[in-house]
Structure formats: structure tokens, C-alpha cells
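Student: I would like to learn how to read a model like this one, feature by feature. Could you walk me through it?

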Amino acid sequence: MLENQFKIACRNVLKNKGHFAINVFGLAVGLATCLMISLFVMDELSYDQYNENANRIYRINNQIHLNGSEMKMRTTPAPMAAALLKDYPEVEQVTRIRAYGNGNILIRKGTETLLESNAYFADSTVLHVFNLHLIAGDAKTALSEPGSMVISASMANMLFNTTQVIGKVLRVDNTNDFKITGVIEDMPAQSHLHFNFLKSMAGDHDSRADFWLNNNYTTYVLLRKGTTGEALDTYLAQVAHKYVEPQLLQTFHSSMSDLEKNGDYLKYAAMPLTQIHLLSEGISEQEPGGNIVYVYTCILIAAFILLIACVNFINLSTARSAGRAKEVGVRKVLGADRLRLIVQFLTESVLTSLIAMLTALLLVWLFLPCFNQLAGKHLTLVQPLLLPMLLLVTAGVGVAAGLYPAFFLSAFEPVQVLKGRLAAGFKNSWLRNGLVVFQFSTAIILIVCTLIIYNQLNYVRNKDLGYNRDQVLVVKNAYALGLHASAFKHEVLQLQGVVAGTRTGVLPTSSENDWNTQAFSKDAAMNASQSLVFGDWNIDTEYLPAMGIKLVLGRNFSANMPTDSNAVLINETAARMLGFQNPLRKTIYDSDFDKNTTPHAIIGVVKDFSAGSVHQKLTPIVFRLSRYGDQFAFRVHTKNLAVLITQIKDKYHAMDANMAGQPFLYSFMDDDFNKLYQADQRTGKIFITFAFFALLIASLGLFGLITYAAEQRTKEIGIRKVLGASVASITAMLSFDFIKLVLLAVIIGSPLAWLGMQHWLQGFAYRTTINIWTFVIAAIIALLIALSTLSYQVIKAALANPVKSLRSE
């Protein structure tokens with residue numbers, strides 16, 4: 001019986017090639033899109049799962065709320081790890097890591113100096129907590145001695161052309177030699193951290209080793225089996241009271257209960273390792289993370305696009321009901337029961353789904369490289385669960401899409417059908433109309449979301465953010481110049497085309513990883529109820545003019561004012577939080593590790609500017625005078641930029657004989673700014689791609705529907721033409737039924753899109769407004785696509801010779 005049904009299904013396919021092609025292509029595009037999104041989602045959800053003990057590893061996060069200032073950090077005090085291991089037997093092991101500077105490291109290779117990334121200080125236990133498989137070396141001793149270093153296999157091959165490098169010496173930053181004691185396998189891409197260089201912290205002297213109010217180490221905990229994250233949170237609360245509270249009382253004269261009375265807190269929270277990549281919102285990570293909201297959005301979009309494709313199948317199958325009505329009637333007269341007809345139609349549906357899936361795999365194979373570039377991934381079709389998932393989806397889509405048509409067609413009464421009394425037409429199907437509205441509503445939502453995302457990104461690019469990022473050349477690796485850094489800056493400023501320059505450690509386009517934070521108070525006693533946590537930036541006297549940042553009160557730092565070494569500038573947000581009527585000449589205080597309080601006179605107030613991503617709220621910042629920093633920023637004004645960069649590079653290498661082999665690294669500040677929004681730009685591109693596919697699938701369905709609607713109304717059109725109807729009036733008549741559905745889709749989809757994007761815009765400190773023209777443009781796009789889809793078939797039907805359609809009457 002199955003063989004017979006398969007043969008009949010194949011005959012129907014060959015008989016209706018156009019209908020079959022539309023169905024297969026629409027389903028294939030929907031399945032291909034869904035498959036690519038599924039690969040993306042599986043990749044995002046797989047982060048850090050490669051660790052054998054992933055479900056027992058937690059990172060300790062730090063949360064501080066103090067008088068309106070709130071901070072979430074991935075760093076903890078230096079003694080946190082030792083305290084957890086000593087006091088709580090449920091903790092199997094702990095490890096700490098700390099970025100080596102900003103994570104970059106200078107490595108000597110022959111006569112050449114290379115700048116490499118992902119360099120960290122680490123406890124020897126890092127090899128036990130994480131799955132860092134050693135290719136060479138002993139995990140128990142690899143990082144146990146001072147001056148030892150573990151490197152990745154790719155670094156070993158790049159530097160020495162082999163992984164057998166135990167005992168070899170690496171010169172780091174042109175000053176320190178490290179002995180290689182281990183080589184680890186390269187970490188997978190699906191890791192929230194990647195280690196290329198791990199320097200042992202054994203023997204390092206840290207003045208903060210017993211200080212609980214300074215956070216510089218990222219701490220990971222491996223719990224014993226059976227111990228939960230909730231239990232670890234309980235231990236962390238006890239740690240805060242046992243170790244942090246005494247120093248809090250000594251430094252800020254406040255207890256934990258005093259903080260709580262004021263609505264403030266200082267607490268630690270355990271974060272599962274597998275959640276770090278997607279759920280670290282508000283925490284500045286060492287490497288860019290994902291966003292669980294985007295993952296959920298992608299899942300939703302994939303489901304909707306697949307639904308649109310299935311809706312096409314349902315619509316086209318039911319629209320062809322008149323064409324297959326007599327077939328059903330004849331089969332029933334010859335003895336076929338309803339179940340057999342349902343199985344027959346489902347067989348055809350699953351066959352269509354199978355061919356569509358094979359076509360979808362071909363499309364994915366062709367377009368996956370483009371999608372990888374779009375999403376910033378390295379996805380492949382080689383996945384362990386892909387084959388069973390494909391089989392399940394193929395069967396599921398085939399049955400789900402064919403179920404309603406199967407029941408609909410098999411329900412025809414043979415007497416009514418054979419008498420020609422079957423009412424089949426576009427106007428008579430409310431379900432079909434509803435499905436068309438659903439398709440175009442989804443497309444409208446995607447179009448509106450795409451337009452708003454691009455409006456927001458354009459708004460951010462063009463808005464005055466309080467500083468001028470245009471034509472600013474950022475030269476990195478300033479510390480390599482040593483004592484020659486000031487001379488280099490002076491010589492560059494003499495070059496024609498260089499307008500201004502500054503040396504600093506942090507720029508408005510820097511990430512929060514490059515910032516320091518510090519508690520300041522109006523009260524010399526540094527009471528917690530009077531203390532606020534501000535950004536703590538070191539700048540020189542040329543920083544403000546070089547960045548185009550304006551002063552609203554007071555004056556800038558001056559090299560001719562020796563007292564400025566202990567003075568500060570503050571921004572408007574900090575001034576508001578401090579509550580001074582006139583901040584000038586007022587004093588604020590901070591303290592060092594030895595609890596010594598230092599007064600700072602406020603000499604000026606800086607106009608607020610956006611620091612970091614504009615997803616962040618305006619940050620209160622205190623500026624101190626300093627000559628140091630790991631980068632220079634030069635404002636340039638020249639038509640021959642390439643020549644100027646070459647001149648600066650030559651001066652960089654000429655400052656010292658040891659600089660000859662140093663890498664000259666630079667960027668432009670506007671490019672650094674754009675990098676802050678790469679995730680948003682990718683989101684916009686992904687949305688516009690998905691909107692295109694949604695419209696393509698919906699248009700294919702619309703094309704199929706208008707084809708069958710025109711066929712069913714052939715005689716009506718012929719009679720109208722004989723009675724004098726014009727081509728224009730017939731075209732309008734046939735188009736109107738579909739256009740009103742598209743307009744209804746606009747009415748339904750627009751408010752849904754507005755609600756979703758209003759929520760998305762809340763994540764920006766600076767945001768555009770959603771205006772009515774966004775929805776008008778989306779409606780025009782949808783209508784134009786619908787009209788272009790309809791036009792060929794509608795005009796063809798209107799131009800048809802009425803004699804041919806009425807000759808049998």
C-alpha cells in the first residue's frame with residue numbers, strides 16, 4: 001500500500017510541477033534559515049561545556065551598591081580563593097587569574113618582537129579546575145615555581161615550530177625571561193576565556209594580598225559533587241561578614257547592617273561557568289560575550305520563518321482543493337475510506353518536506369560561509385545531533401504542514417463534488433486569509449525592527465557624545481618606549497598635521513576593563529554613608545583639548561601648577577551625585593591600602609560625555625593628573641594620512657636601539673568606537689536578512705494563491721470583460737482581496753514591533769525615538785513587494801481572451 005501511495009504522490013508532483021516547485025522552494029528557504037539559526041543557537045548554548053566538570057565550576061562575581069552607585073564585577077579580592085578553600089570543605093579547589101596588563105604581551109622571536117593576546121597570571125590550580133589538557137609538561141608542577149609559564153600549542157608552533165618546548169626560555173616585554181614548563185591544547189572557540197600564555201603567580205608579592213576592599217582577581221571555584229551554587233552563595237555571605245566587614249568598619253566606619261539600612265550592599269554571588277557567556281549583562285568581560293535575549297530572539301525568528309513556510313504549504317494545498325476535489329470524489333466512490341486518503345495526502349506532504357530538506361541542506365552548504373561572516377562564527381554542518389534532528393524536523397514539518405490539508409481534502413462529500421457544487425475560492429477561506437495575514441505580520445515586524453536598529457545605530461554615530469572621535473590616531477604600546485615616551489610625544493607634536501596629543505591609559509572608547517574605580521567621599525572619615533564609587537581616570541594636561549571634551553566650570557590641569565598633582569577634575573554626573581552647589585575648591589577624599597586618607601581639591605567640572613558603549617548609563621568620573629599610560633592619542637588634520645603615519649612610525653622606532661623590532665600598533669578612534677557596536681551591527685544585518693527571507697517566502701505563497709485564485713475566477717473574469725469591464729478594473733478587483741490582507745498585517749504587526757523595539761531601546765543611554773514614518777516605510781515595502789508579486793498573474797488574467805474561458809458555456 002505504501003508503495004502505491006508513494007507512486008501516486010510522485011505522479012501528483014509531476015502533474016503539478018509549478019505548485020510543487022513553489023512549495024519545495026518556500027519550505028527549503030524556511031528550513032535552511034531555521035537550520036542556520038539552530039546552528040548559531042547550539043553554538044551559543046555550548047560555551048564552556050567542554051569542561052568535564054562544567055556543572056561544578058562557578059565564578060565569584062562582586063556586586064556593590066553604594067549611595068546610588070552600582071557596580072557588577074567579575075573580580076574579587078586577592079584573599080578570596082584561600083579563604084574559601086580553608087573554611088569550606090565543600091570547595092574542592094579554587095583558582096585565580098588576572099590579565100597580564102590589558103591581556104597583551106610582547107614576545108621575542110629571533111630579532112622580531114611580536115604582540116600576542118590572551119596573556120594571564122594564574123595560580124597553579126588553574127590546570128586542575130579547567131580542562132586544560134597538557135601536551136607537554138606535568139600539570140602538578142607546571143605553574144608551581146616562580147618565573148614559570150605555560151603556553152598554548154598554537155603559540156609553541158608559531159614561536160618554535162614544535163610543541164616540544166619544555167625548558168625553553170621566553171623573553172617577555174623585552175625585560176623578563178620565563179621558563180616554559182607546559183604546553184596546553186588550544187582552547188575551543190566556545191569558551192568565555194582563551195589562554196595563550198599563563199604566567200605563574202608563585203612568588204609574586206602583592207601588597208593587596210590581605211586587603212578585602214580591592215578587587216583585582218577573577219576567582220573560580222570547583223565544588224565537590226553534590227554541592228549546589230545556592231550553598232556556595234551562603235558561604236560567600238559568611239565570607240563577607242567574616243573577612244570584609246572588619247576592614248569595612250576600619251576604612252569606612254560602617255558595618256554590613258549599616259549599608260543595608262541605607263539600601264546599600266556589598267556581596268558576592270556564584271555564577272555557573274556555563275552561564276557566563278550569555279548571562280553576564282552589566283559585567284565587563286575580558287572577552288566579548290553573547291546575549292541570551294538575542295538567542296531567544298533568534299529562536300523566535302526561526303520558529304516564525306518555519307511557520308511562514310508551513311503556512312505556504314497549507315495555503316497552497318487548500319487553495320488547490322477545487323483541482324483535487326474530483327479526484328477525492330472518485331476515490332471515495334471506488335471505496336477509499338477517509339483514513340487512506342489522509343495517509344495519501346500526508347505521504348505527499350512528507351515527500352515534499354524531504355525534498356525541501358535536501359534542498360535546504362544544499363542552500364545551507366552554499367550560504368553558511370556568508371552567515372558565519374555575518375554572525376562572527378565558525379559554524380559547520382558537522383554536528384553530532386544534526387542527522388537525527390534533520391530527520392525529526394523533516395517528518396515533523398511534513399506532518400504538521402500536511403495535516404490540515406489532509407483532513408480538509410479528505411472531508412469532501414463525493415456527491416457534492418461530482419455535482420460540481422464545491423465552493424472553493426479565495427474569498428471563502430477565512431483560515432487561508434488568516435494565514436496570509438500571519439505571514440505578512442511577521443514580515444512587517446522584522447522590517448520595522450530592522451529599520452529601528454539601523455536608525456538607532458545611525459543616531460549613535462551622529463550624536464554629539466561629548467567628545468570628538470574624528471581624525472584621532474591612537475598609538476598603542478606606549479610602555480615599550482620606557483623613559484623615551486615623553487620625548488616621542490613631543491617629537492610627534494612637532495610634525496605637520498598633528499594638532500594635539502595626549503598620553504593616557506583610558507579613552508572614551510575604551511572598555512570598562514581599562515578603567516579603575518575608587519570610592520570617594522566628601523567626608524575625611526570616609527564613612528560608607530557618604531562614600532560613592534566613581535570611575536578613576538589618569539590623564540595629562542593635554543587630554544581634554546585632544547579629546548574635544550569641554551569644561552563647564554573651573555580650569556584644566558596645568559603643568560605650571562605644582563598643587564595640581566593632588567587636585568582633581570570631576571564630570572557633571574559626579575558633581576550631581578556629590579551634591580555640591582558649587583564644586584569648585586571643594587575637597588573629596590579617598591584612601592589607599594594602608595587606610596591613609598588623601599584629600600583632593602576639585603579645580604574643574606567636565607561636561608558629561610559618553611564613556612564606553614552608549615548601552616551604559618553616564619558614569620561618574622574623577623580625573624587625576626598623570627604622565628603615564630599605555631597609549632597616545634594624536635588629533636591629526638592632513639590630507640596625506642599615510643605619510644603622517646609613516647613619519648610617526650619612524651619616530652617610534654628611532655627613539656631607542658631596542659625599539660627597532662618593536663611592533664608599531666595603531667588604530668583610529670572612530671574605528672574603536674564602531675567596534676563597541678559590532679554586536680548591534682550584526683543584529684541589524686541578521687534582522688534584515690531574516691526579513692528578506694520572510695518576505696520571500698510570503699511572496700512565494702502569495703504568488704501561488706493569486707495563480708489559483710485567478711484560475712478559479714476565469715469564467716467570472718471572462719463574463720466581466722464581455723460586459724465591458726476594463727483591464728484596470730479587473731486588475732484592481734483581483735488585487736484588492738490580497739492588498740487588504742497586507743494592510744491588516746501592517747495594523748497587527750506594527751504595534752507588536754513597537755513594543756519589542758521600545759524594550760530594546762531601553763538598553764541605550766542615548767536612544768532615538770520611534771516615529772510614524774518607520775511604520776509607513778515598512779508598510780510601503782510590504783505593499784510594493786505584494787503588488788510586484790501579484791502584478792504578473794493579475795494582469796495576465798485580466799488580459800486573457802474571454803472567448804477561451806467561455807467557449808464551454
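Student: Let's begin with the overall picture. How many helices and strands does the protein have?

Tutor: Keep in mind that this is a predicted model. The protein has 23 helices and 24 strands. Of its 809 residues, 52% count as buried. Taking contacts between residues at least 6 apart in sequence, 80% join residues at least 24 apart.

Student: What is the mean pLDDT, and which stretch has a pLDDT below 50?

Tutor: The mean pLDDT of the protein is 83, and 87% of the residues reach 70 or more. Residues 423–427, however, have a pLDDT below 50. In the model that stretch still has 16 contacts beyond near neighbours in sequence.

Student: Next, cavities. What is the general idea?

Tutor: Rolling a probe the size of a water molecule over the atoms shows where empty space is left. In this case, a search of the whole structure finds 5 cavities of 30 Å³ or more. Let's take the second largest cavity, which holds about 40 Å³ of space.

Student: Which residues line the second largest cavity?

Tutor: The lining is made up of Leu-457, Val-460, Arg-461, Phe-673, Asn-674, Tyr-677 and Gln-681. By class, that gives 4 nonpolar, 2 polar and 1 charged residues.

Student: And which helix gives the most to that lining?

Tutor: H13 does, with 3 residues. Helix H13 (430–462) and helix H18 (669–675) each supply at least two residues of the lining.

Student: Now the cysteines. How many disulfides does a search of the whole structure find?

Tutor: The search finds 0 disulfides. Take Cys-34 as a case: its nearest cysteine sulfur belongs to Cys-310 and is 9.3 Å away.

Student: Is Cys-34 buried or exposed?

Tutor: Cys-34 is buried, because its relative accessible area is 15% and the cut-off for buried is under 20%. Cys-298 also counts as buried, at 9% relative accessibility.

Student: Could we try a residue within a helix? Where is Ala-406 found?

Tutor: Ala-406 is found in helix H11, which covers residues 386–410. Its relative accessible area is 0%, so Ala-406 is buried.

Student: Which residues is Ala-406 in contact with, leaving aside its neighbours within four places in sequence?

Tutor: Those contacts are with Ile-342, Phe-345 and Leu-346.

Student: Last, backbone angles. What should I expect of phi?

Tutor: Most residues other than glycine have a negative phi. Here, Asn-161 is not a glycine, yet it has a positive phi of about 60 degrees. Asn-161 sits in the loop between helix H5 (153–160) and strand S9 (169–172). It counts as exposed, because its relative accessibility is 69%.

Student: And where is Gln-471 placed?

Tutor: Gln-471 lies in the loop between H13 and strand S14 (472–476). Gln-471 is not a glycine either, and its phi is positive at about 55 degrees. With 37% relative accessibility, Gln-471 counts as partly exposed. You have come across H13 already: that helix gives 3 residues to the lining of the second largest cavity.

Terms used: Residues numbered from 1 in each chain as written. Predicted model: local features only at pLDDT ≥ 70, side-chain atom pairs only at ≥ 80, totals over all residues. Heavy atoms only, no water. 1 Å grid on protein atoms, 1.4 Å probe; cavity = no way out; pocket = protein on both sides within 12 Å on 5 of 7 lines; lining within 4 Å. Points joined across faces, edges and corners; volume = space filled by probe spheres on them. Helix = DSSP H or I, 4+ residues; strand = E, 2+ residues; numbered from the N terminus. Nonpolar A, V, L, I, M, F, W, Y, C, P; charged D, E, K, R; others polar. pLDDT = per-residue confidence, 0-100. Contact = heavy atoms within 4.5 Å. Disulfide = S-S within 2.5 Å. Buried < 20%, exposed > 50% of the residue type's maximum accessible area, 1.4 Å probe, protein only.
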